[in-house]
Amino acid sequence: MSTHHKSQRDETNPNDDESSTLQKVPAFNFKFKSQFKPRESKSITSNIPFHVSPEFDGKNSKSVKSEYDRSYWEVELLRRHPELKDLIDRVDPVTRAASLAALYLPNRRLHPQEAILGLISQHLKLLGLTQTAAALDDSFAFPIVTPPHHPHSQLLHHIERGVLNADRFWCLLLPTPTYPTDPESIQKQLVTQLNATLGVISGQIKESQPLDKENIDDLQKLEVNPDTQMPINGTINQLVWAASSRYRTFNPQFIEVFSMTYHGYMTSTQLLQKLQEAWNMFALTKRQGDDREELLFVSLVEKWIEISFFDFDAVLLQNLTQFLQTIKMNRPASQKRMLAALQKQIEGKQRSDQVLEVNLNGLSIPENLFLSKFTLTSLDTTELAKQITMGSAKSYYAITAKELLDCAWSKPSIRHRSPNIVNLTNRFNALSDWAQHEILYSETVDERLKLIKFFAALAKDLWGMKNFLDGMSIASALNSNPMYRLKHHMALLDPEIMKPVEEILEATKSDNNFALLLSIHANAKAAGAALPYIGVYLTQLTFFYDGNKDLIDGLVNFNKCVGVFNIIDMILSFQVKQFNFVVIEQIQEKLSELSRYDEGELYARSLQIEPNGIEYDEFIKIVEAERATTK
């Protein structure tokens, strides 16, 4: 592609504006090696607007020992093509969030310098850089007040929330397949987002008054599905009142769905305000003092804290703590329960680490383990399958609900929200590419046959230990285009060798929406630890997001919330029972170093080792010649 663009540029008419502009740019010698001494690095880098390579990112005391000096390449590229810098500024999520905030956020909503310094100081202390934080505190005349004790960086939290809100505006302001395109729907969602981000109350949103100012009969007009006992759609006030009071029989999972998905139509700060209004409503309707009402309200607050604590900032924590300390309840134990739930999250106990008994059965230690001279294909397939499983399980067990919301993993602008899902995807592809590369680039047919047998056994072992994710990765490698066409190679194998791979491919067919695979997943999960082929659930989640609107006639489409929750809950349910094989760090290190390979190159290699049109007899002669040479 790059060659094609180059030839077009060379043939451009010199009189064209773009061409004439390019001709005005002085020639740049990319082979030029700058001559400088280590002590002069400061003066050289002072002219660079930003660091452009690892060599020049805080390591300027040494010159680059390379044929080319790349220090100015990016600077020169952006100088010659300012449109690229504009693209980077618009695509980079942090830069985009800052730009949108500078354009639209009023000055009164910006953090003062003292608050920013406090956030930075807390961040440094959480990283263990206490001396650096102390030096920062000492360098300013005014005292730096750090946020209250919190197990996570409030600086990163604010950046994440800013990026998230900016991304939602971005998707609404530009044509996006998963967002509405008609002006009326866009306007409604923009108003909703403004309401959620800036606290703007608009007449177009059916929340024109506080919850405790509404008529009780209107609050209880929420439309409910009689079969599932879940709300269908309603206003924010109606949904909050239903979750708080449970004035009728609702599905037991209602408050879980609500607590996980409310971020789509209001902020956590707004929800706290609505909960306070709901408690006031209990007084107006003479429900305060009712033990049942108190317990229902407490269960909602506990579930909200448990599921969405990641979204709580320092101000919200302070306001929530004050609310819970001053709330008057009939049962003092109820108040203590809510405060205990909050304290548990503050102390970082929201996800209790399971202490698993390590499974030592069948442990196989490779030779030269501590010298790292072994290769992955020299390992016993069962032990390698265990190590692959533990590596993938580490990422899978770290997935949280927020990584799955909005299908963030599939969108370049917000993919940073889903590090574990992205890591699993990259790992899946790297394993598949590695298997193909190992086989195709072996020198002889016999070596390739030996590796095909190895990877078929590896796929069988992975699938057998219920690691369906990586089992599918290896099976798909053996069924890829470069491998599938090696008919003569496969003819030399015992048919039984590839039978497990064929069974895996049959089980993962998309017939009836992957009915067979989903059944296999369910049975495996019920029996013990299992890693599902997560791709099937991510596909379902994407289709559900794309096929359902957030709002219907200005009301929250709670049917969509229920569907999103069900799929996310299914994905997270595989974290309950966990694998406990012994982790061998040397093997994990080699697995982490696997890289991607170009599919075109793999296919070209496949053609090289088994050309199109070659007869079987001719291929056998090649095999016999190779065997004679290697004797």
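Mentor: A disulfide here is a pair of cysteine sulfur atoms within 2.5 Å. This is a predicted model, where local features need pLDDT of at least 70, side-chain atom pairs count only at pLDDT 80 or more, and totals for chains, interfaces and linings use all residues. Residues are numbered from 1 along each chain as its sequence is written, and side-chain values use heavy atoms, with hydrogens and water left out.

Trainee: How many disulfides does the rule give?

Mentor: Buried means under 20% relative accessible area, exposed over 50% and partly exposed in between (1.4 Å probe, protein chains only). Cys407 is buried at 3%, and Cys561 is buried at 10%. The count of disulfides by this rule is zero.

Trainee: What share of the 631 residues in the protein chain is buried?

Mentor: The chain has 31 helices and four strands, taken as DSSP runs numbered from the N terminus (helices H or I, at least four residues; strands E, at least two). Of the 631 residues, the buried share is 45%.

Trainee: Why is helix α22 largely enclosed by the rest of the structure?

Mentor: Helix α22 covers residues 468–478. Its buried residues, among them Phe468, Met472 and Leu478, pack against α18, α20, α21, α23, α25 and α26.

Trainee: What percentage of the contacts with a separation of 6 or more joins residues 24 or more positions apart?

Mentor: Contact means heavy atoms within 4.5 Å. Among contacts in the protein chain with a separation of 6 or more, the share from residues 24 or more positions apart is 71%.
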